[in-house]
Each structure stands twice: as structure tokens, then as C-alpha cells.
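Here's a quick walk through this one, written for someone who has the model open in a viewer. Have a look, then read on.

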Amino acid sequence: MTIIANDVERTKAFYTDLLGFRVVPQFTAPEGDFVWLRSEKRSTSIIIQDVATRADKPTQADIPEASGGLMLGFAVDDAEVAHKTAAEGGYEIRTPVVDMVSGRTFGVKDPEGNYLQLFDVYPQVKEIQSQLGLD
């Protein structure tokens with residue numbers, strides 16, 4: 001994923017401070033106009049959802065279809081803590097923290113306006129994921 005940013009430093013801070021990405025200095029331009037970030041997470045998942053069923057899902061309801069309805073999702077250790085950190089950082093919070101059966105989630109926008117869903121997963125669900133080899 002490439003993010004074209006108006007404010008590289010603020011966008012970098014969003015992903016490092018809130019989501020735990022780290023800067024890879026070997027692939028980052030010294031001028032700071034190109035910053036490579038890497039997540040410590042090992043896997044990536046894609047979820048496909050029928051647009052007709054999203055109206056009752058608060059983190060998905062207002063995502064514009066013109067953008068392809070794309071929303072990036074990132075696992076965090078604790079959705080409540082991440083929500084508080086995002087609010088204190090002045091980032092646009094789209095939804096409150098809600099229970100999603102397997103964990104808790106909320107919607108936020110990064111500084112460039114990209115729609116994100118940050119979520120945590122309950123311990124019993126993590127155990128099932130581990131058994132399936134899904135991180």
C-alpha cells in the first residue's frame with residue numbers, strides 16, 4: 001500500500017504511534033519524502049462484504065463506494081486504548097468502539113482521509129486463529 005501524503009511526518013506518526021509500525025531506515029529517503037514502514041504482524045487478510053449488508057455496521061456504513069468501498073483493517077492490542085490514543089492525537093474518529101463478537105473495533109481516518117478499522121480480538125478467538133495458523 002502506498003499513501004500519497006500532504007503531511008508525511010503526521011501520517012508517519014499515525015502509523016508508528018498508533019499502529020506500531022516501524023521505520024525501515026535502509027529504505028527511507030534521508031530527505032523524509034519517502035518513508036518505508038513495516039508492521040511486525042506476519043499475515044494479511046482480506047475481507048469481502050456485500051455492500052447491501054453494511055448499513056447496520058457502524059465502522060462500514062459511511063465508506064464511499066466511489067473509493068471502491070475500501071477500508072483497511074489493523075489489529076491492535078486493545079481497541080479501547082487505541083481509540084483513546086487516536087482521539088488524543090487529534091485523528092478523526094468515525095465510530096465509537098463496538099463489539100464485533102470476536103473482539104472490539106472502531107472506525108478512524110488516517111491524516112490523509114483513508115478509512116481504517118482498528119480491532120482487537122478476544123483471547124478465545126486468538127486461540128482458534130493460532131490453531132488455524134492465522135497468527
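This is a predicted model: local features need pLDDT of at least 70, side-chain atom pairs count only at pLDDT 80 or more; totals for chains, interfaces and linings use all residues.

Phe 27, Phe 34 and Trp 36 together make a nonpolar surface patch of about 350 Å². If you want to find Phe 34, go to the loop between β1 (22–23) and β2 (37–38).

## Aromatic pairs

Rings turn up in pairs here: the structure holds 6 aromatic pairs. One of them is Phe 21 with Phe 74, an edge-to-face pair with 5.7 Å from centre to centre and 80° between the planes. That pair ties together distant parts of the chain, since Phe 21 sits in the loop between α1 (8–18) and β1 while Phe 74 belongs to strand β3 (residues 72–75), 53 residues apart. Both Phe 21 and Phe 74 are buried.

As for the cluster, ring pairs link Phe 14, Tyr 15, Phe 21, Phe 74 and Tyr 91.

## Two residues in the β2–β3 loop

Now for the loop between β2 and β3, where you'll find Pro 58. What does Pro 58 touch, once residues up to four places away in sequence are set aside? The answer is Arg 94, Thr 95 and Val 98. Thr 105 is 47 residues from Pro 58 in sequence, and their C-alpha atoms are 9.7 Å apart in space.

Gln 60 lies in the loop between β2 and β3 as well. Is Gln 60 buried or exposed? Its relative accessibility is 15%, which falls under the 20% cut-off, so Gln 60 counts as buried. Pro 58, by contrast, has 39% relative accessibility and counts as partly exposed. From Gln 60 to Leu 70 is 10 residues along the chain, with 9.4 Å separating the C-alpha atoms.

## The overall picture

Zooming out, the protein has 3 helices and 6 strands. Going along the sequence, they come in the pattern α-β-β-β-α-β-β-β-α. Of the contacts between residues at least 6 apart in sequence, 44% join residues at least 24 apart.

What share of the 135 residues is buried? It comes to 27%. The protein exposes about 9,000 Å², and carbon and sulfur atoms supply 54% of that area.

Among the helices and strands, helix α2 (residues 79–88) has the highest confidence, with a mean of 96. Confidence is lowest in β3, at a mean of 86; that's the strand that holds Phe 74.

Methods: Residues are numbered from 1 along each chain as its sequence is written. Side-chain values use heavy atoms; hydrogens and water are left out. Helices (H or I, at least four residues) and strands (E, at least two) are DSSP runs, numbered from the N terminus. Buried means under 20% relative accessible area, exposed over 50%, partly exposed in between (1.4 Å probe, protein chains only). Contact means heavy atoms within 4.5 Å. Accessible areas come from the Shrake-Rupley method with a 1.4 Å probe; for residues, only the protein chains shown count as cover. Patches are made of residues with over 30% relative accessible area and no salt bridge: like charges are joined within 9 Å, nonpolar side chains (Val, Leu, Ile, Met, Phe, Trp, Tyr) within 5 Å. A salt bridge is a side-chain nitrogen of Lys or Arg within 4 Å of a carboxyl oxygen of Asp or Glu. Rings of Phe, Tyr and Trp (its six-membered ring) pair if their centres lie within 6.5 Å; planes under 30 degrees apart count as stacked, over 60 as edge-to-face and the rest as tilted. pLDDT is the predictor's confidence in each residue, from 0 to 100.
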